[in-house]
Amino acid sequence: MLIKKLSQETINLISAGEVIEGPSDILKELLENSVDAKATEITVEIKSSGLDLIKIKDDGTGILKEDLEVCLEKYTTSKLEKIDDLYTIDSFGFRGEALSTIAAVSKFKIVSSTTNDGKGYVLENNNISQVSSNKGTTITVQDLFYNVPVRKKFLKSKSFEYSKVYEVFLANALLNPNITFKFISEKKNVIFPKTDFENRLVQIYGVEIKTKTINLDINTELFKVKGILTNPQNPVYFPSNFLFINKRFVFSPQIYKAIIDSYKDYLMIQQKPFFILFIELDPRTIDVNVHPKKRVVKLQNEMLFLLEFKRELSKKLDASLGKFAPALEHNSLKDFISSKNSDYSSFQKPTQSSYSSNNYSSNKEVPFFRSDLQKPLYENNNISSISDNLTLFEHNITKILGQIKNTFIICETDKGMILIDQHAADERINLEKNRLKYADYVEKQNLISEISLDFISESHKEILANNIEIFKKTGFEYYLKNDIYFLKTIPLFLNKYFDKNLFLNLLKDIEEGNNEVFKLKDSLLKLRSCKESIKANDYLSSHEQIEIIKKLNLCKDKGICAHGRPTIIFLSLKDLEILFKRIV
Ligand SMILES: Nc1ncnc2c1ncn2[C@@H]1O[C@H](COP(=O)(O)OP(=O)(O)OP(=O)(O)O)[C@@H](O)[C@H]1O
Ligand SMILES: [Mg+2]
């Protein structure tokens, strides 16, 4: 017989792998148990990023002696009785598997007392004996994975595991401001006394958090969202974002993307939004039991949620800048335009189906433009001034009608119309110019006062430590003193465009895989190009508008800006006719 039943010990070790991949997973489970036990003070101590020791002490309800006897068995919980409770449960735990899985992969000890008489019990090596103990529970986890060495190989570097551990600690501190949290480690000791959410933010991030973020408070029939996000006018860098759904600290690439998308027009390239958001949904519309670590929840109405969430967030961002809202409200137009632009190559060769100007002139009695709009809007901006064949891609521009909201340039061509995003166009022009100018360039500039990179995560420190030479070649020199990196030099070409946030956002991008160190110089050139370009809301003279069109036409990749967004939109006369349902 080849098939054999595994021993219970082996089963426990295998399933432990799903819940416990590293020390941060253990801390998460233990912190959640302490919060479930109504603790008012929780102390976390770790050694060697939690690999040698994780000790967590709380003053919660404690565990009865008879419960200690069973709590290390699988699926033993005091929190759930039947599956329907899952939809209304307000505790973090419900599976009754955390303690047994942690105990399966470490040297594990629980001291607990449910009374105030100084008496308690210790559970160690499957033995229970009486000890003196205050009310509450202290759990000690030592030598993680001592019995599953293969798991150790999958751990990341110690500094990475440390930053994950601290992130989990912060998530719990943010979620439970009414609890006092202490953190003791070789690197950092902190205490956050019990308070309210606003002050907890200040305890963790300092007072600058107030001016660097905006509050979000969305209240719809489907969901509520409260929290803070980057203030687009005063962006800030912090290493981790926090997303909570119905009080659970979760990952959601979809929601993360929705936030990034909403910020696209408000932040410079390289800048990433920072957020701490608490989303509340009807518990009956989410499934919290789809992930072994409960780090993912499934939303029944995810599409609808994302749509509404993005709309509300964009409204908030617009309001925070006093900016006009995007004008493309008409859905068919929006869809039409976005489908046209999915293929930028179509700009290069107007398609056969584009309306022919001859056909159009045979239909003169129905004018497409009001006659006063046919007059050029700016002096000198007449056909004769651009008669030296102003073209963009292969479109002949016959008139420049001016700017819309000082943001988009609108042109008539012999086959339709072109809209140009003036910032995107100028960014492309500057990027190609800078790439040429600084092709063999490595000059650096000493900073008058060195910049201390405090408040950066351990994984960012690791990026700096592992790539000293590459950064140096690009112009960045730094050194480490008392566990803090100091930046000494920057590339000369960044000069006045440089600030500390720019550098920190660059690290974040590298960490998230959106940038690679060997592309560092090009990312910085993109950044400089973005910063020096004409902005939306900048008035342009007719001469400047013509210059942009001429220079854009000379670019290699004229269809997209440095971020990859379109620089122009072309609508043929036929497109316009379809939009107005003159033809179907
Ligand atoms: N710090 C603590 N204080 C009081 N009771 C605790 C504590 N930690 C664990 N317990 C008790 O031990 C039981 C088992 O804990 P465990 O974390 O294994 O399961 P759970 O929290 O019920 O579910 P889950 O596996 O989903 O976390 C809990 O149901 C609770 O009764
Ligand atoms: Mg638990």
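## Core, sheets and ligand shell of a predicted model

Leaving aside neighbours within four places in sequence, Leu 27 is in contact with Val 44, Gly 50, Ile 54, Val 165, Val 168 and Phe 169; two residues are in contact if their C-beta atoms, placed from the backbone, lie within 7 Å. The structure is a predicted model, in which local features need pLDDT of at least 70, side-chain atom pairs count only at pLDDT 80 or more, and totals for chains, interfaces and linings use all residues. Residues are numbered from 1 along each chain as its sequence is written, while chains are lettered from A and ligands numbered from 1 in the order in which they are written.

Leu 27, Ile 102 and Phe 169 touch the most other members of the largest nonpolar core, which has 111 residues. Such a core is a set of buried Ala, Val, Leu, Ile, Met, Phe, Trp, Tyr and Cys residues joined through C-beta atoms within 7 Å. Helix H6 (residues 158-175) gives the most to this core, with 10 residues. Helices (H or I, at least four residues) and strands (E, at least two) are DSSP runs, numbered from the N terminus. In soluble globular proteins, nonpolar side chains tend to be buried together.

Helix H6 also holds Lys 164. Is Lys 164 buried or exposed? Lys 164 is buried, with 24 other C-beta atoms within 10 Å. A residue is buried if 20 or more other C-beta atoms lie within 10 Å of its own, exposed if 12 or fewer, and partly exposed in between, with C-beta atoms placed from the backbone. Neighbours within four places in sequence aside, Lys 164 is in contact with Gly 22 and Ser 24. The C-alpha atoms of Lys 164 and Pro 23 are separated by 8.3 Å, although the two residues are 141 apart along the chain.

Ligand 1 has 23 residues around it, of which Asn 33, Ala 37, Thr 77, Gly 93 and Ala 98 come nearest. A residue is near a molecule if its C-beta atom, placed from the backbone, lies within 6 Å of it. Helix H2 (23-36) and helix H4 (98-104) each supply at least two residues of this shell.

Five strands form an open sheet in the order S16-S17-S18-S19-S23, with antiparallel pairing. Strand S16 (391-392) and strand S23 (568-572) stand at the edges with a single partner strand each, so one side of each is left without a neighbour in the sheet. Two strands pair if DSSP finds at least two bridges between them. Within the sheet, Ile 400 stands opposite Cys 411 in S18.

Strand S10 (residues 223-230) has six of its eight residues buried, so this strand is largely enclosed by the rest of the structure. A hairpin joins S9 to S10 through three residues.

| Strand pair | Bridges |
|---|---|
| S17 (residues 395-404) and S18 (residues 408-413) | Six bridges |
| S9 (residues 213-219) and S10 | Seven bridges |
| S10 and S13 (residues 275-281) | Seven bridges |

In S10, Thr 230 is the bridge partner of Thr 213. Phe 223 has Leu 281 as its bridge partner in S13.

Most residues other than glycine have a negative phi. Phi of Asn 126 is near 65 degrees, a positive value. Asn 126 lies in the loop between strand S4 (119-124) and strand S5 (127-132), and is exposed, with 8 other C-beta atoms within 10 Å. Asp 143 has a positive phi of about 50 degrees; Asp 143 is partly exposed, with 13 other C-beta atoms within 10 Å.
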